[in-house]
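Please follow the explanation below alongside the sequence and the model. The account turns to strand pairing and then to helix packing.

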Amino acid sequence: MEKAKVYFTKTITPEAAAAMYRALGLELPGKVAVKVHSGEAGNQNFLRPAFLRPVIEAVSGTVVECNTAYDGARNTTERHKKLMADHGWSAQFPVDILDWEGPDWALEIPNGKVMKRNLVGRDLKNYDSLLVLSHFKGHPMGGFGGALKQLSIGCASAAGKCLIHSAGVNEDPAAFWTNVAPQAQFCEAMADAAGSVAALFPGKAAYVSLMVNLSVDCDCCAVAEDPCMADIGILSSLDPVALDQACLDLIYASDDPGRAHFLERVESRMGAYTIEAAEALGFGTRQYERIDVTL
């Protein structure tokens with residue numbers, strides 16, 4: 001597989017996020033789903049809608065999210081819609097909770113490492129293309145969260161999130177915490193699920209990751225650590241595997257004093273293995289050419 005192109009800028013502004021999408025040279029066709037992280041109630045690190053407005057408006061997109069499988073402000077459609085309003089999303093953009101009503105959309109994974117199928121929000125069928133806006137940061141279960149996490153857990157319905165966390169065993173939120181898979185299988189399940197969603201939008205998906213507010217905790221955490229590293233920049237690619245690898249490489253290359261703390265989270269949860277598993281599935285490559293952009 002040829003090296004993927006990954007664009008990088010140190011400039012961190014709303015306009016820069018839009019420019020990094022445009023650097024990809026792909027005009028997303030038709031109705032565009034824009035996958036964001038709504039931010040759990042109480043979280044201080046999630047990307048604010050005002051910051052993402054220029055890039056979302058660049059594709060005339062609809063902000064999409066899915067409900068969670070655990071207790072919190074996003075585990076029912078009613079609560080999630082309220083949170084989207086409280087956090088300012090629905091005041092600025094059309095918002096679609098993809099799994100607001102069943103049945104879920106079952107995506108077959110014939111060559112998955114551990115998953116045979118993935119369950120995503122039914123409304124994903126209504127979109128022609130996909131823009132994934134990722135806040136690259138740590139994650140208490142996956143080690144880090146980036147483009148692959150947005151494709152997998154992010155697009156999964158509540159039942160689908162259960163399937164991923166259990167490596168295909170359980171889809172009942174009531175049994176979420178009693179069926180968590182061994183770490184390697186969980187990473188493989190994320191890769192499987194990510195590949196099944198990427199396959200829905202061949203040539204019609206773009207990925208932008210913002211390396212800001214670099215906490216070891218995810219935006220899904222109501223109580224999250226403050227960032228431990230300084231902001232790094234914004235990256236974009238048409239390849240989610242290459243994009244996550246490039247983000248992780250920038251962490252390793254950093255001389256920030258918080259680097260060790262961040263990497264402890266990544267390495268203790270086998271975070272890089274998710275990228276390796278995704279590459280092995282063939283929907284992306286870890287080999288990339290980084291193109292620095294001055295804005």
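Strand E1 (residues 4–9) pairs in the parallel sense with strand E12 (residues 288–292) over 5 bridges; two strands pair if DSSP finds at least two bridges between them. Helices (H or I, at least four residues) and strands (E, at least two) are DSSP runs, numbered from the N terminus. Within this pairing, arginine 290 of E12 is the bridge partner of valine 6.

E1 is also joined to strand E11 (residues 233–237), by 4 bridges, and these two run antiparallel. Here leucine 235 in E11 stands opposite phenylalanine 8. Of the 6 residues of E1, 5 are buried, that is, under 20% relative accessible area with a 1.4 Å probe and protein chains only.

The model is predicted: local features need pLDDT of at least 70, side-chain atom pairs count only at pLDDT 80 or more, and totals for chains, interfaces and linings use all residues. Residues are numbered from 1 along each chain as its sequence is written, and side-chain values use heavy atoms, with hydrogens and water left out.

Helix H7 (residues 183–198) and helix H10 (residues 271–281) have axes that come within 8 Å and cross at roughly 45°. The contact (heavy atoms within 4.5 Å) is made by Ala184, Cys187, Glu188, Met190, Ala191 and Asp192 of H7, together with Tyr273, Thr274, Ala277, Ala278 and Leu281 of H10.

Notes: Axes fitted to C-alpha atoms, helices over the stretch in contact; angles between N-to-C directions. Buried < 20%, exposed > 50% of the residue type's maximum accessible area, 1.4 Å probe, protein only.
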